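I opened the notebook to look up a strand and then a pair of helices. My entries follow the structure below.

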Amino acid sequence: MGKRSFAAVASFGAALLLGAATPSHAYIGPGAGMVFLSSFLAIILAFAMALVLIFLGVFRWLFGLFRSQKRREGAKARRVVVIGMDGMSPPIVERLMAEGRMPNFSALAERGAYRRLRTTCPPISPVAWSTFATGTNPGKHNIFDFLRRNPFSYQLELSSTRMRESTRDVGVGPLKFRRACTNVELQQKGRAFWEVLGDEGVFSAVMRVPISYPPPKFNGVALSGMCAPDLLGTQGTFAYYTTAEEEIASYESGLASLLRRNGNGTLTGIIRGPENPSSAEGEPLTVPFELRTNGSSATLMLQGERVKLIPGEYTDWVRVSFRAGPFRSVRGITRFMLLESDQQVRLYQLPLNIDPASPSMPIAHPMIFSSYLQKANGDFATLGLAEDTWGLNEGIIDDDAFLKQCYLFHHERRRLLFDMLGKVRDGAVVFVFDITDRIQHMFLGRAGADAPPDAAPQEVERVYEEMDALLGEIRERLDDDTVLLVMSDHGFGRFNRCVDLNRWLHESGYLAVDDEGAIDWSGTRAYAMGLAGIYLNIEGREAQGIVRPEEAAQLRAELAGKLAEMVDPETGKRPIERAFEARQVYNGPWAEGAPDLIIGYAQGYRVSWESAVGDVGERAFCSNPRPWAADHCLHPAEVPGILFCSHAIDAEDVWIGDIAPTVLGLFGIDRPASMDGWAHSIQVGDGADAEADGAAQVAEVSAND
Amino acid sequence: MTAIAFWLRTAAGWLVGALYSLGPEAGLVLVSVLTGVGVMVAFKYTADRKALRSAKDSIQAALLGIVIFRHDTRTMFAEEWRLIRGSAQYMLAGLRPLAAVIVPMVAIFAQLELYSGFDPIPVGGTALVTVEAGGEALGELAHTTLAGNAVEVETPPLRIEREGEVCWRIRGDEPGRHRLVLNVGGRTIEKSVVVGDGDRAVRLSPHRVRSGFYGTMFGSAERPLPADAPVQAISVDYEPSLVALGPVAMHWIPATLIIATIAALVVKPFLRVEI
C-alpha cells in the first residue's frame, strides 16, 4: 500500500470513527483537538471578520467614494504601473525590436509611445532612481554617487544611509533603563512621488526601488531595493568553504573559511554571521554546520535541517538563526551551491539575506509587509544587490552559477510583482527589476571593446527577451483604466579601460602621497572618490583642506579643462568626454555635498577600481582586469534610458525626473513646486490629457549638453 | 469490533493505571504530558510538513494582508477567502497525524474518563442503578431483583415499561469495591460498584454492556455481558468529578487539554515539529 493509499484509508477510518460517534464519544484528544480547534477557530474568525467587513464595507465605500471624488477631479487613470528595468539600453532594445525578438515592447511602442529617456549626471543607479522618485535634480535629493566621502575623516561611506548611535529609554513607569541602539537613516532627501500620492489618499506599492532603505512611512507599502544590506550589514558578502587550505585567501567582498575533515568522513564548517552585540571585541555570531559527501552529491546538516546539495545547483533558501542572547536571535536566509566534492570539497554560499519573514532590519514599510510577502509568495532575496557579482568577479562561481542565481531572484520578484498587481487595483505600483543591470555588467563587455552600441552577447539578449516575456505577462494583467510605464534609469557602455584619477592627479601635481603610498592630505588639492566624483580639498570644508575657498572656482575650471584633454597613451583616445562642474549642473539645498567635478567618461572607460575607493594606483591607465566589463558612468548623453508607455505621450524629450510629476498628473495631483521635472501629457481614455504644467525649471544637465 | 475494543481498552487501562498509581492528579498530569509529546511525535513522523507549512503561511499571509490592505474592501474579502481556504488546507494537512493518533488517544481518554470522570459513591451516599432491557418492553426484567454486599438496596425496583428500564436506589455502607448481583429469571449477572475510597486513584465502571465497540470502549471497565444475557446494560450513575489542579478545580478534559498543549509546545522546538 502506497503512502497516499495509506493516508486515504487512515483518513477514511478516522472520518468513519468520528462520524459514527455520539457527541459524548466524539472527544478525540487534545492533540488532534489542537489541529481541529485552531482550524475551526480560524474559520469561525474568518467568517466573523467577513461579517464585520461587510458591515463596515458600506461606510468604507461611502467614505472612499467621497474621498476619491475629491481626488479624482482631473485624474486620468485609476491605476499607474511603473516597471523599472535597471540599465536597459536603448540601442539593444531597438535592435531586438527591429528583429522581432521583443514583440511585447514593439506592441507597447506601437499602441502607446517609446522614447529614449534622458538620465542624470552621473548616470548611476542611486542618482538616477532618486531623481525618478523625487522628480528633482541631485542637488535636491542629496544622492550623487554610490559612495561619498566623509569630509572629516576622508573615509568612504555609503551615500544612501547613515548609521547613528543613540540611546533609548526602555521600560514602564519608574522601571526604565537606557539602552544604546543604532538608527539607520535614509540620506535621500526630498519627497518621493508615492509620498505625495499618499498625502492625497492614493495608495502605492513601491517594490525594490533603489535607495529606499530604510523605507519612509507613507500611505502604501514598500520593499527596499538596491542598497538594502545583508545580515552582516554589508552590500553583499558571499562565503566560500573549502578543504584546500591554499585557497583560503582574502576576498574583496567574500569570506573564505576552511572545511575541516572529521574522523568519521564528515566535514565541518562555520557560518559567520553578524557581529555579536554583546562582544566587546566585535566577534561575529557563528553557526556550525556539517557536510557529508556522497559521491558527487552531499548533505548539509545545519541547525537540525538536512539540505541535499547537488553540484552546480542552488539549494532552496535555507534559514540560519544566530543566537544573540538568551531570548534574542537574528535570522537570515541563504542558498548554497556545491562546487566540487571530489578530491577537494568546495561549497559556495550566497550572502546572508535578511529573513523577510522575521526581518532584523527595516527592509519594508510597514514592517509586517515583508512577512506578508514571504508568507504569500515564499522566500525571496532581500539584499539590495542580491546578484552576487563579486562571486563571479573573484572567480568563486562561474558564469552558469551566476546566471542561475540571477534568474532565481528574477522569478521570485515576478511573483512579488504579480501579487501586488492583484492587490493594488486603485493606486500606483512601482517595481524595479535589477537583473538587466547585473547581467549587462558581467557580460556586455564580452561583445568586444569596439563593438557597436547595439551589439550584445547571447546572455544579454536572453535577459532582454526574458523582460519582454515579463512585459507580456504584465500587460495581460492590466485593464483599460491602467497606465503602464516601462523605463530604465540609464543605458550601458563598455568598460575595458580603467582611469586611475588619483594617480593622474598625483602625476599632475594635485595630489600628494606619503612614503607608504597613502594620500598625504596636507599636500593634496584634489582627490577622487566614488565612481564619478573628484573633490577639492577645501580649507574649512575638509578636515585637512588646503585649497582656499576663493581659489576653488579657478581650480575646478582648471581641472575640468585638463581632464577633458586627457589622452590614454595606449589607445590614443580621450577617456573623458566632459568633467561637469557640480555647481553648474546641480541646484538645491544639498548641492554643497556633491563632488566638485562629475566625470562623464567616454565609451570604454571608467574610473579604476583603486581610485573608486580612494586609493592611488600604480598607473594612470590600465586594462580592466575584472569580468565586470561593462558600466554606465559615461557622459549622460551616451547612456540614455528607455521609456515605454501604454498610451501616447505628447513630449519628444523626456527626462527621468519628469516621471514623478507625470504620474502625479495622471492622478489629477499638481506637481509640487520643489520638483524639477515636467508633467507630460499622456493620452488616456477619451483623449483627455493630463495637463502639462510647463512650469518646471530643470536644472539637470541636458543629454545633448 | 467488541474484541478489538476490549483489547484496546485493556492496553490503555494498563498504561493509564500504571501512571495513576502515583495518585490521581499526578496520573492525569503524566498522561496529559505524554499525550502532548505523543501528538508531537506523531506530527513529526506522519505529517506532511510542506503542506502544513504552506497552509499556515497561507493563513498568516491572509491575516497580514487584511491588516495591510484594509483600505481596499475587495482585496480584504479576497484575503478573507484565502484565510478560509488556508484553514481548510490546514485541517486536511492535519488528517494524517490525526489518523495516526486517534485510536490510541481514544483508548487512553476513555480510560481517563473512568479514572477522573466520576467520584465513587460516598459512604452513606446513594446512587441509581439502571438495568436496560435492550428494547421497548421489559421482557424478562419484569421479575428482577438486585442485591449487593456492603451496599444496601434502598428501594424496590422501579420499572419504566416505556423505556424498557428498571431502576433501584442503592446506598454505600462500606468503602471498597463491591459487587451488585442482579437476578433475572434465575440467571445472575454481576456489576461492580465502588464506594468512597479516599484519595486513592480508582477506576470506576459506570456501565457494563453486552457488546459493541463504543459500549465496550467507553464507560466500562468490566468484561462485556454474555451475548445471551437477558439485559443490554447495567449502569451506576456516579457523580461527575472535578480535578484539582492547584487552586483550580476543573473537569479533566480542559485540564488535560491545557497540560497537553503546554507539553506539546515545550517539546515542539526540541523535536523540530511543524504544527
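**Entry 1: a strand in chain A.** I started at I599(A) in β28(A), which is the bridge partner of A579(A). Strand β27 (residues 576-581) of chain A pairs with β28(A) in the antiparallel sense over five bridges. Pairing here needs at least two bridges found by DSSP. Strand β26 (residues 533-536) of chain A also pairs with β28(A) in the antiparallel sense, over two bridges. There, G533(A) stands opposite I598(A).

I noted the ground rules. This is a predicted model, where local features need pLDDT of at least 70, side-chain atom pairs count only at pLDDT 80 or more, and totals for chains, interfaces and linings use all residues. Residues are numbered from 1 along each chain as its sequence is written, chains are lettered from A and ligands numbered from 1 in the order written, and side-chain values use heavy atoms, without hydrogens and water.

**Entry 2: is β28(A) buried or exposed?** Five of the five residues of β28 (residues 597-601) are buried, so the strand is largely enclosed by the rest of the structure. Buried means under 20% relative accessible area, exposed over 50%, and partly exposed in between (1.4 Å probe, protein chains only). L597(A), I599(A) and Y601(A) point one way, and I598(A) and G600(A) the other.

**Entry 3: an arginine.** I found R462(A) in helix α12 (residues 458-476) of chain A. R462(A) has 42% relative accessibility, so it counts as partly exposed. Its C-alpha atom is separated by 9.9 Å from that of R101(A), 361 residues apart along the chain.

Notes:
Helix = DSSP H or I, 4+ residues; strand = E, 2+ residues; numbered from the N terminus.
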